[in-house]
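Here is a short briefing for anyone meeting this structure for the first time. Take a look at the model, then follow the points below topic by topic.

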Amino acid sequence: LKHSAFCIQIGDLIYKLFPDAKVIFLYRNAEDAISSFINWMANSPSRSQKKELNLNLYSKFIPLLATYADSIDFTDSDSTDVYTIMWLSIMERYLEFYQKNMEICAVRYEDLVAHKQQVVTSLFEYCGLPISEVEKACKAFEKHSQSGSDFSQDIRDMKLIRKFLDS
């Protein structure tokens, strides 16, 4: 299963329900993750609702949000404060699991991209999958998963160019 980063908040429940599952925590560096979150929100419903409503909803997915809520401008959809707190909440939750000795294989996205064969081999070993299939699995990197979608870098660049030309 590949789920949204927010689902790490219920990771202990998933872990209990599927104790034999091999769990992989794929994470990105903060700067790239925050940029991705901003893009995701640009293509999602507005956050400019009442602060209380946002806190009630988002605190379920971003536990650190309530701690820093007084310092956040919830009407600024491009503000990095919420997204930084989001990234920190995700990383903090993973560290909680690690400290509880939950069997989770953490993989940094940048390492996966830079060293596909090596990282995929390690993941296959961890999951008990046949190493003979690593080369086939690495072919998945030949096409960008978000190509042609609103999350594609090419589409985002075109939207920025259009926005600039229209202003």
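Glu110 and Arg108 form a salt bridge, with 3.6 Å between their closest N and O atoms; the term stands for a side-chain nitrogen of Lys or Arg within 4 Å of a carboxyl oxygen of Asp or Glu. This is a predicted model, in which local features need pLDDT of at least 70, side-chain atom pairs count only at pLDDT 80 or more, and totals for chains, interfaces and linings use all residues. Residues are numbered from 1 along each chain as its sequence is written, and side-chain values use heavy atoms, leaving out hydrogens and water.

**Salt bridges**

- The structure holds six salt bridges. Side chains of opposite charge can pair when their charged atoms come close.
- Arg108 also forms a salt bridge with Asp111, where the closest N and O atoms are 2.9 Å apart.
- Glu110 is buried at 17% relative accessibility, while Arg108 is partly exposed at 31% and Asp111 is partly exposed at 30%. Here buried means under 20% relative accessible area, exposed means over 50%, and partly exposed lies in between, with a 1.4 Å probe and protein chains only.
- Glu133 forms a salt bridge with Lys136, with the closest N and O atoms 3.2 Å apart. Glu133 is partly exposed at 31%, and Lys136 is exposed at 58%.

**Helix H7 and its surroundings**

- Helix H7 covers residues 116-127, twelve in number, and reaches 16 Å from its first C-alpha to its last, close to the 16 Å expected at 1.5 Å a residue. That expected span is 1.5 Å times one less than the number of residues.
- Helices (H or I, at least four residues) and strands (E, at least two) are DSSP runs, numbered from the N terminus.
- Which residues of H7 are buried? They are Val119, Val120, Thr121, Leu123, Phe124 and Tyr126.
- These buried residues pack against strand E1 (23-27), strand E2 (104-108), helix H6 (109-114) and helix H8 (134-138).
- Just after H7 comes Gly128, which takes a positive phi of about 75 degrees.

- Ile24 sits in strand E1 and is partly exposed, with a relative accessible area of 37%.
- Setting aside neighbours within four places in sequence, Ile24 is in contact (heavy atoms within 4.5 Å) with Ile104, Cys105, Val107, Leu123, Tyr126 and Cys127.
- Ile24 and Glu103 are 79 residues apart along the chain, and their C-alpha atoms are separated by 9.0 Å.
- Val107 belongs to strand E2 and is buried at 8% relative accessibility.
- Not counting residues up to four places away in sequence, Val107 touches several residues, among them Phe25, Leu112, Val119 and Leu123.

**Aromatic rings**

- The structure holds three aromatic pairs. Rings of Phe, Tyr and Trp (its six-membered ring) pair if their centres lie within 6.5 Å; planes under 30 degrees apart count as stacked, over 60 as edge-to-face and the rest as tilted.
- Phe25 and Tyr94 make a stacked pair, 4.6 Å centre to centre with 0 degrees between the planes.
- Phe25 lies in strand E1 and Tyr94 in helix H5 (residues 80-99), so this pair ties together parts that are 69 residues apart in sequence.
- Both Phe25 and Tyr94 are buried.
- Tyr94 and Tyr98 have ring centres 6.2 Å apart and planes at 35 degrees, so their pair is tilted.
- Tyr98 is exposed, with a relative accessible area of 52%.
- One aromatic cluster is formed by Phe25, Tyr27, Tyr94 and Tyr98.

**Nonpolar cores**

- The largest nonpolar core has 26 residues, of which Phe25, Phe37, Ile62, Leu65 and Met86 touch the most other members. Such a core is a set of buried Ala, Val, Leu, Ile, Met, Phe, Trp, Tyr and Cys residues joined through side-chain atoms within 4.5 Å.
- Helix H2 (30-42), helix H3 (51-58) and H5 are the elements that give two or more residues to this core, and H5 supplies the largest share, nine residues.
- A second, separate core of eight residues includes Val107, Val119, Val120 and Phe124.
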